[in-house]
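Take a look at the model below.

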Amino acid sequence: MAHVITRPCCNDASCVSVCPVNCIHPTPDEPEFLTAEALYIDPETCIDCGACIDECPVEAIVPDDQLTERDEPYLQINADYYKDHDVEGGLVPPRKSPPLPDKELHVAIVGAGPAAFYAAEELVRKPAVKVDMFDRLPTPYGLVRAGVAPDHAATKGVEKTFASVAAKKNFDYYLNVEVGKHISHDELVVRYHAVIYAVGAATDKRLGIEGEDLRNSVAATQFVAWYNGHPDFADLEVDLSSERAVVVGNGNVALDVARILVTDPDDLAKTDIADHALAKLRESNIDEVVLLGRRGIAQAAYTNSEFLALGDVEGVDVVIDPEDLVLDPATEAALSDDTLDSTIATKIRLAREFAERPRTPGNKRIVFRFLTSPVEIAGDGEVTTLTCVRNAYADAAGRVAVKATDERFDLDTGLVLRAIGYRGVPVTDLPFDEGRGVVPNSEGRVQVSADGDVMPGLYVTGWIKRGATGGIGMNRLCGQETAQAVIADFVAAAFDDPSTPRDDVAALVADRGAHRIDLAGWKAIDAAEKSAGKSAGRTRAKFVSISEFEAAATAGAQ
C-alpha cells in the first residue's frame, strides 16, 4: 500500500522530515519546491509507515485504499510526478518497470502469513493484477497471529499493513479453504496465471535423542501455537506441574517460551494470550526455566534486544554462571583487541552483566547454560530427567565448532521443550529439498531440476522458499522478490494464460464443504474478538475452534 497526498496539500513540508525513506518530494532543498503545486509521494518507495499522516496539518495524506472517489485521481497524480523524478530529487529518464500486457494477471497465493502479504502488497499495487489469497485457517496473518508472543503487541502492529493490502479492490480472501482438500493444485494452475506458495515451515526440527517422544517432551512450535490460540493446538496436553522446565535452544522462540512460562499470569491476562493457556499458567508450578545452548555465548542465536528484555520481567532473575561464558579462542582474541563484531561484543557484555546481577529471594528464574547439549530424556512414560553433556570448543578449519566432553549431568524436570528451529514440509506436486526443508527455487521461481529449469507459473516465498530464518523484515524482501519475478515473467510471456476462468472458485470450494471466510467474514471475527477482549481490558479474546470462527463470520455478515 502507498499513501497519497490529495487536494488540501499545504506544501509546508512537515511530512518530508519524518519520512524514513525519502519518498516525499519536492523537498525544501530542491529548486522545484518554491513553484510546486503540491508535494507528491512515490508509490513504489512508500513503505506505509504512516508517519506523514500524523505530521500533516491539513489531513491531506490518505492511504490509497481509503481514497474517496473524488480523490482517486490523486493516486495517479502522485505517481506521475515520479515518471521523470527520482526519490533523490534529481531529474532522470523514465525508470519504471516495463508496462504490463494489456490484460489482467490472476495470481493465487497459498498461505496468509507475512511473506504472502508482502508478495500480495507488491502485486496489488498494479490494478490489473488480481490476487486471491487462500489459507486453511479461518484467520489470516500466519505467525504474526499464531507465533509472535502475546506480550509483544507492538510487533503485531504490522497487521495494519496487511489489513490495508486485504482492503484493495483487486484482492480477495479464501480463508478456511484448504488447498489439496477443497481445491487441488492442478485446479489452481488452470485458473491462475501464477500460483505462489507461502506455506511457511509447518513442523519442528528433532533432537534425535532417546526419550524424545515421551509425554511432556513437546516441540516449542506446538507450545507457542497452543498459547497463541492456534485451532490445531488448542487441545494440546501441557503439564506444568513440575517446578523446572528445560528449553533446548536459545533463539528468540526459546526466549519467548521461557518468558511466558515465568511471567505473572496477571500481566499475561492483559494480552491476547489464549484463555486455555492463561488458565493453565495460573495453575503452573514452574519457577525455573533452563535454556540449553549447544555452543557458547558468542554464538547464541537470540537477538540482543530479546535477551535484554528478559531483565525487565517483573519477579524473574536471569541467571548465568560466569564459568559458562567461556569464549572460543578467535572470539577471545578479537574481543581483546577491540576488533570483534559489535553485535557479538554486545551479546557478551550483556551476558556478563546478567551474570553479575544479584538474585532476589523468591523470584522465579531463567537459567542459561551454554556449551551444553541434551543426550537423553528419561522417564516411565513421561519426562522426569534430562541428561546433558558439556561441550568444548574444537578446531574446525577456521569456523567455530564444539565437541562433547566426558562431563555429564542430569536435570530433574517434568517438561522438555525443543526450540531448535522450524522446518518446511513437502508441498504436494512441487519438488522438495529434504536436506534444506525448502522447495528448490531461483528468486522464487520453482525449479524442477538442478540445471535451473523452472516450472512456469509456480512460485514460492517465505520460509518454504529460503528456510526458516529471518523475521518480518526478511519476509518483506523475500515476498517482494517473488512478486517481482511474477511480474517480470508476465511481461516476458513466460507462462500460459489460464485455460479455465477463476470465476467458479467460490462455488467449487463450497461444493466440497468449505465454509469460505472472505474479507467481511474476517472483519466480523476480528471485531468479535476485540469486543470480547475489551471488557477485560485486553486487545482481543481469541476464538480457538473452527466452529467459533465460522459462527462469528456468519453472524457478522447478517
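Leaving aside neighbours within four places in sequence, Gly251 is in contact with Ala301 and Tyr302, where contact means heavy atoms within 4.5 Å. Gly251 sits in the loop between strand S11 (244-248) and helix H9 (252-262). Helices (H or I, at least four residues) and strands (E, at least two) are DSSP runs, numbered from the N terminus. With a relative accessible area of 16%, Gly251 is buried. Buried means under 20% relative accessible area, exposed over 50%, and partly exposed in between, with a 1.4 Å probe and protein chains only.

This is a predicted model: local features need pLDDT of at least 70, side-chain atom pairs count only at pLDDT 80 or more, and totals for chains, interfaces and linings use all residues. Residues are numbered from 1 along each chain as its sequence is written, and side-chain values use heavy atoms, with hydrogens and water left out.

Gly251 belongs to a set that UniProt lists as "binding site" in an unreviewed entry: Asn250, Gly251, Asn252, Val253, Arg294, Arg295, Glu306 and Gly470. UniProt positions are given in the numbering used here, feature names are shortened, and annotations may be inferred rather than shown by experiment. Beyond its neighbours within four places in sequence, Arg294 is in contact with Leu371, Thr372, Ser373, Asn391 and Val402.

A further "binding site" set in the unreviewed UniProt entry holds Ala115, Leu143, Val179, Trp463, Gly470, Gly471 and Ile472. These residues span 358 residues in sequence, and the farthest two C-alpha atoms are 25.8 Å apart, so they do not all gather at one spot. Ala115 is placed in helix H4 (residues 114-124). At 7% relative accessibility, Ala115 counts as buried. Its contacts, leaving aside neighbours within four places in sequence, are Thr461, Gly462, Asn475 and Gly479. Gly471 lies in the loop between helix H15 (463-466) and helix H16 (472-491). Gly471 counts as partly exposed, at 40% relative accessibility.

Next comes helix H6. Helix H6 (residues 159-166) is mostly covered, with six of its eight residues buried. Those buried residues are Glu159, Thr161, Phe162, Ser164, Val165 and Ala166. What covers them includes H4, helix H5 (143-146), strand S7 (171-175) and helix H18 (519-534).

Now zoom out to the domains. The chain is divided into domain 1 (1-96), domain 2 (105-202 + 424-517) and domain 3 (205-422); the bounds come from an automatic or database domain assignment. The C-alpha centres of domain 2 and domain 3 lie 33 Å apart. Their contact takes 15 residues from domain 2 and 15 residues from domain 3.

How much area is buried between domain 2 and domain 3? The figure is about 1200 Å², of which carbon and sulfur atoms give 54%. Buried area is the accessible area (1.4 Å probe) that two parts lose on being put together, summed over both. In domain 2, Ala146, Pro150 and Asp151 lose the most area to domain 3, together 39% of what that side buries.

Three salt bridges are counted between domain 2 and domain 3. A salt bridge is a side-chain nitrogen of Lys or Arg within 4 Å of a carboxyl oxygen of Asp or Glu. Asp151 forms a salt bridge with Arg259, with the closest N and O atoms 2.7 Å apart.
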